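Let's work through some exercises together. Have a look at the sequence and the 3D view first, then try each task before reading its solution.

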Amino acid sequence: MVDGTVGLGGHARLVLERIGPEGRLLGIDRDGAALEAARERLGPAALLRRGDFRDLATIASDAGFDRVDGVLLDLGVSSPQLDDPARGFSFRQDGPLDMRMDQRSPLTAERVVNALPERELARLIRGLGEERWAARIAEFVVRRRPLRTTRDLAAAVEAAVPRAAWPRDIHPATRTFQAVRMHVNDELGSLDLGLRGAVEILSEGGRLVVIAFHSLEDAAVKRFMATESRDCVCPPQQPVCTCGHRATLRILTRKPLRPTPDEVAANPRSRSARLRAAERT
Ligand SMILES: C[S@@+](CC[C@H](N)C(=O)[O-])C[C@H]1O[C@@H](n2cnc3c(N)ncnc32)[C@H](O)[C@@H]1O
């Protein structure tokens, strides 16, 4: 089985318990620090590789995992990434504008907010953050350049969004931070390729399980599973099928699974999680 987002190895540890000594687990993460933590927690029972799950099929086959019974993707950032101010993911603590999951990658949040033209920045914040104040936020960011810290970015957003329009349940900078982070890490691009890679290596009856934490991610997973569960993906007005597409997945969750109130109470960060699962045909 492949855990494409092994993080600190919480899921992986439970999977190892279930698959027993006969089972084999490959854990992948693009964060070097996470992988170190997973190594300590999981010991030699798991094979660990640093990489992006966009290369899932290649990483797996290089590690001797040509056919697998399960692929898990638990998307987004981990708690240690969020809680470490030095990683620059959080508007709650001051830190450098970094937001890279893979510390070797050249693109940082600082480069994005300081280098993109205002219109492109607005498009990014609107598209990836679903933020209606995107144009004004981009205008304020550009006016305040250079921005160096997470506090600088949060303050620009706070100044741009009129107080009366601040969301009630989240910090006003939440959506902007999400957008910049998703861009820095090309999260939707990785997801698309990772899902394809998973279908490639799953054996018949093998399962793909994806946990998403916001609507854009979940919509991408839902769309992918819907397309892959159909024999024909021609436009509906076309009388004869010409696409030759064959279903590769059978959806197991018509509606995504949500955490129970008890889970949310024990782990508040799970509150926006949506789990979708499908079986390889
Ligand atoms: C929500 S955490 C996973 C936590 C993990 N399931 C656990 O039990 O500890 C998400 C992890 O996925 C990693 N990640 C996110 N996108 C990735 C990608 N495209 N390729 C590899 N790892 C990725 C992050 O670095 C982070 O460690």
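**Charged partners and a ligand**

Arg30, Asp52, Arg54 and Asp186 are joined in a network of salt bridges; a salt bridge is a side-chain nitrogen of Lys or Arg within 4 Å of a carboxyl oxygen of Asp or Glu. This is a predicted model, in which local features need pLDDT of at least 70 and side-chain atom pairs count only at pLDDT 80 or more, while totals for chains, interfaces and linings use all residues. Residues are numbered from 1 along each chain as its sequence is written, and side-chain values use heavy atoms, with hydrogens and water left out.

**Exercise 1.** Find how many salt bridges the rule gives, then describe the one between glutamate 17 and arginine 13.

*Solution.*
- Step 1: The count comes to 18 salt bridges.
- Step 2: In the pair of glutamate 17 and arginine 13, the closest N and O atoms are 3.6 Å apart.
- Step 3: Both residues lie in helix α1 (residues 10-19), four residues apart, about one turn of the helix. Helices (H or I, at least four residues) and strands (E, at least two) are DSSP runs, numbered from the N terminus.
- Step 4: Glutamate 17 is exposed, at 55% relative accessible area, and arginine 13 is partly exposed, at 34%. Here buried means under 20% relative accessible area, exposed over 50%, and partly exposed in between (1.4 Å probe, protein chains only).

**Exercise 2.** Work out which parts of the chain arginine 87 and aspartate 31 tie together.

*Solution.*
- Step 1: Arginine 87 forms a salt bridge with aspartate 31, with closest N and O atoms 2.9 Å apart.
- Step 2: Arginine 87 sits in the loop between α4 (79-83) and α5 (109-115), and aspartate 31 in the loop between β2 (25-29) and α2 (32-42), so the pair ties together parts 56 residues apart in sequence.
- Step 3: Are the two residues buried or exposed? Both arginine 87 and aspartate 31 are buried.

**Exercise 3.** Describe the surroundings of the ligand.

*Solution.*
- Step 1: The ligand is surrounded by 22 residues, the closest being His11, Asp29, Phe53, Asp74 and Gln81; a residue counts if one of its heavy atoms lies within 4 Å.
- Step 2: A polar side-chain atom of aspartate 74 is 2.7 Å from a nitrogen atom of the ligand.
- Step 3: For aspartate 52, an N or O atom in the side chain is 2.9 Å from a ligand nitrogen atom.

Conventions. Polar contact = N/O pair within 3.5 Å; in protein donor to acceptor, adjacent residues only side chain to side chain.
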